[in-house]
Amino acid sequence: MTFISLTQLPWRNLSFRHECLPNHWVCSASLALHIDEWHLWLADKPAGRWLLCQQQPLAFCAALIALWESGRVAVLPADDRPGTLSRLASEVDGTLPDAPGPRLAKSAETRPRVVPLDPSATAVVLSTSGSTGNPVQLAKRFDQLDAELSAHAQLWPLTDSGVISQVSHQHIYGLLTGILHPLCTSTPFCGGESRYPETLVTRLQEASAAGLHPVVVSSPAQLSRLPEHLAWHAATPPARVFSSGAPLSQAHAQLAERLLQAPVIEIYGSTETGGIAQRRQTSHSAWQPLPGVALAFQDGGLSLRSPFLEMPQQWWHQPDLVAPVDDGFMLLGRADRLVKIGGRRVSLDHVECLLTALEEVSEARCVDLDRTDGRLGAVVVLEHAFIPHQRDARQCLIQRLRAHLFDHLEPVAVPRYWRFVETVPSNTQGKLDRTLINRLFADLDDPKEPRWLGEHLLDANSCLLTLEVPERLAFLEGHFDEYPIVPGVVMVQWAIHYAHDIFGHRGLFLGIERLKFTRALLPGTRFTLQLTRREDGIAFSIDSQEGRHCAGQVRLQAPKGGQHG
Amino acid sequence: MTETCHQTLEIELKRLIIDALELEDITLADIDPHAPLFGEGLGLDSIDALELGLALQKQYGIKLDSEADETRRHFASLAALQALVEARRVN
């Protein structure tokens, strides 16, 4: 394996033809042809910055190289959402089509005289979420990329390898590890559909059959969902598996190592910094800096100097919380409101801004629910008139909000769980704290609870709760198959449950009086539960926009020392 | 397969989708058998595709093929998914 830096145009000097690989693998012969087609297409186009959004690695590489060889800059959007593309399209000199179209003339005439690239020139412009919530663009020079690629070559040489990428090359990690490092070392590579585990198995077998040692470029989204049953053993075990983009749990690191029979190397970094550190957590949990990266720890924060940074001599403050240990550091999480979902950096502020741009939304809180699937929740404050009272209205509203966000965010970043309120529930410090967040979303994990949307005391002895009937409420099952309703006994149970919560009644149930069911309570209905403390128990009523559903009095044995009994 | 079995499986698959992907607002009646599951239809995404693959394997022992375009065709709609389960279930 010979490593040639990007500025020396490795794709023009190397030949990495592998006859026995299927053609979804990128090799030099096919690449050269496609590069020339792009040169032809670009010949009469303006210079400058060009938007490049292309999922297939061969087409992506060919276009990228043609831009570079013709002195242009590639602007890589973080996702292919229409809102993202149209926003970026206005800031660039042109947008590359999916394909350059049919060849009209001899390519040799249009290919520029190929000379080494200027190390100080901008190679790519990447997009990421800034700490303020707005998308930011980051330019990377060739010398930055080459410095990092050379560190990769030193740590993880691609000897007789075939690189299989499961991640997007529109981001720094996938670009460096899945595309550029193979290009600089004449290593065949593939991507695209390899993100599916079934396809990965096939690609592993293809690499084995061609006599190559596979290297897998992956992320926690894939490694945490590897199916056990696939024929992982049928291929040569990978030389290594990379994971980056988000923290990989130890259990998933072990699972991936067991199934793929290969070391899982995690790379920690960001778009701004490139790679910072790496580890193989099944043998060592501390992160070790990459070659050339200098670290400093202060007040739980991390600073670094690195040849991969825009200004290598200056200290860069990384907004992550860390704890230094003897031989490296441990990562403790973000210091700002950025979360990772499916490996994508998502700014909670950005999601909130997008939501509040809508007329009916007066305030929005986007929350990380700490769920294993990483899905976000949204607590949305609406004007009274916009509050949905029935399932259909709620669902329409959610559809509308999601559709709006889909225009600007990648699908995985769009909140999955929605809570509509007239005011944000707050604790005594006026904050929406973790306890309140847990209450708002408690019904997700407990199918017996109604959806809690807030409560307030009317006076010392009465309280009004706002609730909703979850569509997945356990009690709906079997209670009229065609027409699910909340059974009356469940409404009474809720009243007793919340009376315990709010008034601290712990008395034994003695009986129910004046119980009236006047209207069926349907899934998705928003309702209020009014509770009033009485000498012998509680009175309750359940009402919705349609009217009263149920009311009654529950006699409870008074607590010890009480007036009753 | 009889009509009743067909309908039972349809309901079972709807439940599987709702439960495996934790779609809190979606009821059985909301899933149109012929509407796209991904993108504009039910709005499922790339993580859901991976979860759905795991759920199908767990519930029906279905091992998806490696050819990704085929995998995606099976996930195109509930009806396509049902055809896959009917043809390939092992339990």
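**Notebook: strands, helices and the A–B contact**

I began with E13(A) and strand E14 (residues 301-305) of chain A, which pair in the antiparallel sense over 5 bridges. Pairing here needs at least two bridges found by DSSP between the two strands. Strands (E, at least two residues) and helices (H or I, at least four) are DSSP runs, numbered from the N terminus. I checked one position: Ala294(A) stands opposite Arg305(A) in E14(A).

The model is predicted: local features need pLDDT of at least 70, side-chain atom pairs count only at pLDDT 80 or more, and totals for chains, interfaces and linings use all residues. Residues are numbered from 1 along each chain as its sequence is written, while chains are lettered from A and ligands numbered from 1 in the order in which they are written.

Next I looked up the whole sheet. It is open, with 3 strands in the order E13-E14-E15 (chain A) and antiparallel pairing. Strand E13 (294-298) and strand E15 (316-318) of chain A are at the edges with a single partner strand each, so one side of each has no neighbour in the sheet. On average, neighbouring strands of this sheet are turned by 30° against each other, direction ignored.

I then went to a hairpin. E23(A) and E24(A) form it with 2 residues between them. Strand E23 (residues 451-459) and strand E24 (residues 462-468) of chain A run antiparallel and are joined by 7 bridges. Arg451(A) has Glu468(A) in E24(A) as its bridge partner.

Helices came next. Helix H2 (residues 28-42) and helix H3 (residues 57-69) of chain A pack at an angle of about 55°, their axes 8 Å apart. Axes are lines fitted to C-alpha atoms, for helices over the stretch in contact, and angles run from 0 to 180 degrees between N-to-C directions. That makes H2(A) oblique to H3(A); angles under 35 degrees count as roughly parallel, over 145 as roughly antiparallel, 65 to 115 as roughly perpendicular and the rest as oblique. I listed the residues of the contact (C-beta atoms, placed from the backbone, within 7 Å). Among them are Trp38(A) of H2(A) and Cys61(A) of H3(A).

Last, I looked at the two chains. Which chain gives 24 residues to the contact, and which 19? Chain A gives 24 and chain B gives 19. On the side of chain A that touches chain B, helix H8 (197-209) and helix H12 (391-406) of chain A are the elements that give two or more residues.

Conventions:
Two residues are in contact if their C-beta atoms, placed from the backbone, lie within 7 Å.
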